[in-house]
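Hi everyone, thanks for making the time today. I have one structure to walk you through, so let me put it up on the screen.

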Amino acid sequence: MPTRHEEDIDDPRRAFLVRALSLGWLAGGAGWQLDALAGPLTDVFGALPARLPTGRSIFRIDGQVWVDGKPATRDTVIGDDAHIRTAEDASLVGVVGQDALILRGRSELQLSGARTAKRVFRLVTGAMLAVFGRREQALDIQTPTATIGIRGTGVYTEADEEKTYVCTCYGRTSIGAADDPAISEIVTAQHHDAPRWVLARPQNGRRIIPAAFQWHTDLELMTLEALVGRQVPFGLEDMDYRGPRREY
C-alpha cells in the first residue's frame, strides 16, 4: 500500500484509479487494458486491482504473513478454515470466496465455516477491512468483545481484549456484545454513517457507544470490491476521498 509520501505525490494517478474503480472499469475483468497508465499505477499500488483468477487468493503481501502456520506467498491459497497471522508492519490483501479483506499488521484471523452452516471470521486481535458478498445465511465477525452479523456489506473492525471498533462502511450489520446477546444494535449505513465502539466494560452504563470514522479509506474499499468483481454502492467519480488512515 502507498506510504503517506506517495499519497502526497501521486494525486493524478490516484484520481485516475478512483475514477476507474468507481465506474466499474476494473470490476468485470475487462479493466487494466489501459496500458499507457498501467506502469505508473503499478509503481504506486504494487499491482492493479481486478478480479483475481480462479485458484488465486492473495492480491498483495507486505512483510511477514503466515497462513495455516506457513509463510504466505502470492501462490498461497486461503481456505475456508484458514488461520492467518501478520507480523508488525505487515499486511495481507486477499480473497476468500465472494469476500475480500485487508488484514493489517499484528493481526490474527481465524476463518471457519467449511463444515458448518454459518461462516465466521474470528478476529482474535488486530485490524481488518473486509467486503462481503450478499448471502442468505448471515456471516459473523467475532472479536473478544463483539459479534457482528453480516449479510453483505463493507466493514472495518479493529479489536483487542478491551474493545472493538466497528465501522459499517455501507449496508446493514447487527452489532452485539460477545458475552451478552441482549446488548445489541442494528446499524444501517450508506457511507460510514455510524461507527461504534463495543466495550468489554460499560462506559456511563453503555457497552456500545458512538465512534468517529477512522483508520480506513474508500480507495481501499473500492480496491477490495474490484478483487471480487463488484463496485462500492457510492460514487466517487469526481473526488478522491481518502479520509483518515494510519500506516499498516
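**A walk through the model**

Let me start with Asp89, which sits in the loop between strand 4 (83–86) and strand 5 (91–96). Before I go on, please keep in mind that this is a predicted model. Most residues other than glycine have a negative phi. Asp89 is not a glycine, yet its phi is positive, about 65 degrees. Is Asp89 buried or exposed? Its relative accessible area is 58%, and the threshold for exposed is over 50%, so Asp89 counts as exposed.

You will find Arg106 in the loop between strand 6 (99–103) and strand 7 (108–112). Arg106 is not a glycine either, and has a positive phi of about 55 degrees. With a relative accessible area of 58%, Arg106 is exposed.

Now let me step back to the whole chain. The protein has four helices and 15 strands. Of its 248 residues, 53% are buried. The accessible surface comes to about 11,300 Å², and carbon and sulfur atoms account for 48% of that.

Pro195 lies in the loop between strand 13 (180–189) and strand 14 (196–203). Tyr165 is 30 residues away from Pro195 along the chain, and their C-alpha atoms are separated by 7.4 Å.

Next, helix 4, which covers residues 218–227. How many of its ten residues are buried? The count is ten of ten, so this helix is mostly covered. The buried set includes charged side chains, among them Asp218, Glu220 and Glu225. After helix 4 comes Gly229, with a positive phi near 75 degrees.

Glu158 is buried, with a relative accessible area of 15%. The side chain of Glu158 makes a polar contact of 2.8 Å with the side chain of Tyr156.

The largest pocket holds about 480 Å³ of space. Its lining has 23 residues, and those nearest the centre are Ile150, Arg151, Gly152, Thr153 and Arg172. Two elements give two or more residues to that lining, strand 10 (146–150) and strand 12 (163–177). Which of the elements gives the most? That is strand 12, with five residues. By type, the lining of the largest pocket has six nonpolar, nine polar and eight charged residues.

The second largest pocket has a volume of about 220 Å³. Here 15 residues form the lining, with Pro53, Gly55, Arg56, Val95 and Gly97 nearest the centre. This lining divides into eight nonpolar, four polar and three charged residues.

That is my tour, and I am happy to go back to any part of it.

Technical notes. Residues numbered from 1 in each chain as written. Predicted model: local features only at pLDDT ≥ 70, side-chain atom pairs only at ≥ 80, totals over all residues. Heavy atoms only, no water. 1 Å grid on protein atoms, 1.4 Å probe; cavity = no way out; pocket = protein on both sides within 12 Å on 5 of 7 lines; lining within 4 Å. Points joined across faces, edges and corners; volume = space filled by probe spheres on them. Buried < 20%, exposed > 50% of the residue type's maximum accessible area, 1.4 Å probe, protein only. Polar contact = N/O pair within 3.5 Å; in protein donor to acceptor, adjacent residues only side chain to side chain. Areas by Shrake-Rupley, 256 points an atom, 1.4 Å probe, with all protein chains shown as cover.
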